[in-house]
Amino acid sequence: MHRENVTSPAVHLRPGEGGHATTSAGRPRIAALDVVRGFALCGILLANVQPIAATGAFVPPSTPGGSEAAWLGVLVEQRFFPIFSLLFGVGFSLLLDSAATRTARPRVILLRRLLALLALGVAHFLLLWHGDILSTYAVIGLLVLLPSTWLPRLAVAALAPAFIAVSLLVGGDRFALIAGLFLLGSALVRYGVIDRLEQSARVPATLGLVLAAAAAPVLWLQARSDPAGRAFGISLAGAGLLIAGVYVCALLVVLRTPLRPVLRAVFAPLGRMALTNYLSATVLVLVAGRALGSPPHTWPVAAVPLIAGVILAVQWVWSTLWLRRYRQGPLEWLWRWATWTRRPPLRRE
């Protein structure tokens with residue numbers, strides 16, 4: 001089974017008082033980002049349950065005809081980490097904008113943030129799970145995102161598809177793909193797309209249909225390819241990008257309907273505490289795997305969604321209750337403290 005990973009957003013926005021939330025720089029909070037992040041967190045956990053429970057053991061890949069592969073391979077595998085990679089690039093540029101209004105050396109703030117994330121990722125890797133992605137995000141951020149802040153936005157926008165294309169050409173290389181998605185997220189901020197994210201449903205609806213049409217033949221190729229072959233890696237990565245885009249577009253469309261309050265209530269608390277929930281999920285999955293007592297690849301098909309559902313339900317309750325009293329999740333707060341080297345307020349006034 002292919003692993004999917006998540007990191008929390010690269011910027012933690014401080015909720016304002018009353019019904020309207022704002023960032024620390026005073027700009028309106030973009031609710032869609034929290035919803036998309038929380039939705040992706042759910043998919044990430046579905047993809048990660050078995051790899052985490054294996055704790056380094058071999059997990060046989062799903063067979064193309066298996067009932068598990070029928071839904072995991074189409075809906076989950078490699079479909080959610082692209083969303084988090086994109087959001088990381090978005091958050092990074094939003095933080096740069098915020099830091100530029102508060103300090104003369106905003107890139108130092110970004111450097112500290114990435115180094116703190118690297119330390120957290122290394123600890124996660126050594127103590128809990130070798131599938132950690134936080135350290136990878138931090139390293140790629142240091143090598144790609146941080147230097148890109150000196151480039152004009154046109155160059156960043158051109159490099160993003162170049163990295164993605166290289167990733168696909170070499171068989172779905174994850175490092176190049178993450179770098180490309182980081183830059184794409186950054187470019188979306190620098191061109192003002194993120195500020196207009198919730199202004200219209202027509203654009204995401206049209207884009208979602210185009211992406212869905214493009215995904216159909218790629219999914220067909222994935223289903224017919226040898227899982228050990230290069231074509232499978234390319235089709236898996238390509239389908240992952242396209243389906244991830246469909247998911248994001250669908251959420252943006254639904255957010256323009258009367259279902260918006262439901263989506264915000266369900267997914268936003270998870271998304272606002274993504275770092276805390278990502279790391280706590282590792283612990284909870286390890287406990288669940290120990291309780292089951294059998295190798296993950298022998299579990300019944302229902303075990304993975306059941307474990308993920310219970311964990312997400314617990315995290316939703318925890319996140320909702322926590323955010324009623326506090327501005328950020330506990331690990332998000334510590335990360336912000338390390339970023340700015342001064343203790344930020346935690347409890348709501």
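## A residue in helix 11

Is T282 buried or exposed? In this predicted model, T282 has a relative accessibility of 0%, so T282 counts as buried; the cut-off for that word is under 20%. You'll find T282 in helix 11, which covers residues 274–292.

Who are its neighbours? Leaving out residues up to four places away in sequence, T282 touches I52, H124, L128 and W129. I52 belongs to helix 1, and I52 and T282 are both on the list of residues where helix 1 and helix 11 meet.

## Helix 11 and helix 1

Let's look at that pairing. Helix 1 runs over residues 31–54, and its axis lies 10 Å from that of helix 11, with a packing angle of about 30 degrees. Because angles under 35 degrees count as roughly parallel, helix 1 is roughly parallel to helix 11. Their crossing is right-handed.

On the helix 1 side, the residues that meet helix 11 are R37, L41, L45, N48, V49, I52 and A53. Helix 11 brings A274, N277, Y278, A281, T282, V285, L286 and G289 to the meeting.

## Helix 11 and helix 12

Helix 11 has another partner: helix 12, residues 303–325. The two axes come within 10 Å and cross at roughly 140 degrees, which makes helix 11 oblique to helix 12. This crossing is right-handed. Helix 11 makes the contact with T276, N277, S280, A281, L284, V285, A288 and L292, while helix 12 uses I307, I311, Q315, W318 and S319.

## Helix 6 and its two faces

Now for helix 6, residues 153–169. How far apart should its ends be? At 1.5 Å a residue, its 17 residues should span 24 Å, and the end C-alpha atoms are 25 Å apart, which agrees.

Which residues of helix 6 are buried? They are V156, A160, I164 and S167. These residues cover an arc of only 70 degrees around the axis, so they sit on the same side of helix 6. The spacing idea behind this is handy: an α-helix has 3.6 residues a turn, so residues three or four places apart point the same way.

What does the buried side pack against? The buried residues of helix 6 pack against helix 5 (134–148), helix 7 (174–190) and helix 9 (230–254). The face turned away from the buried side carries the exposed residues L154 and L169. Just after helix 6 comes G171, with a positive phi of about 100 degrees.

Definitions and conventions: Residues are numbered from 1 along each chain as its sequence is written. This is a predicted model: local features need pLDDT of at least 70, side-chain atom pairs count only at pLDDT 80 or more; totals for chains, interfaces and linings use all residues. Side-chain values use heavy atoms; hydrogens and water are left out. Helices (H or I, at least four residues) and strands (E, at least two) are DSSP runs, numbered from the N terminus. The expected span of a helix is 1.5 Å times one less than its number of residues. Buried means under 20% relative accessible area, exposed over 50%, partly exposed in between (1.4 Å probe, protein chains only). The arc is that of the directions from the helix axis to the C-beta atoms. Contact means heavy atoms within 4.5 Å. Axes are lines fitted to C-alpha atoms, for helices over the stretch in contact, and angles run from 0 to 180 degrees between N-to-C directions. Angles under 35 degrees count as roughly parallel, over 145 as roughly antiparallel, 65 to 115 as roughly perpendicular and the rest as oblique. A crossing is left-handed if the near helix is turned anticlockwise from the far one by less than a right angle, and right-handed if clockwise.
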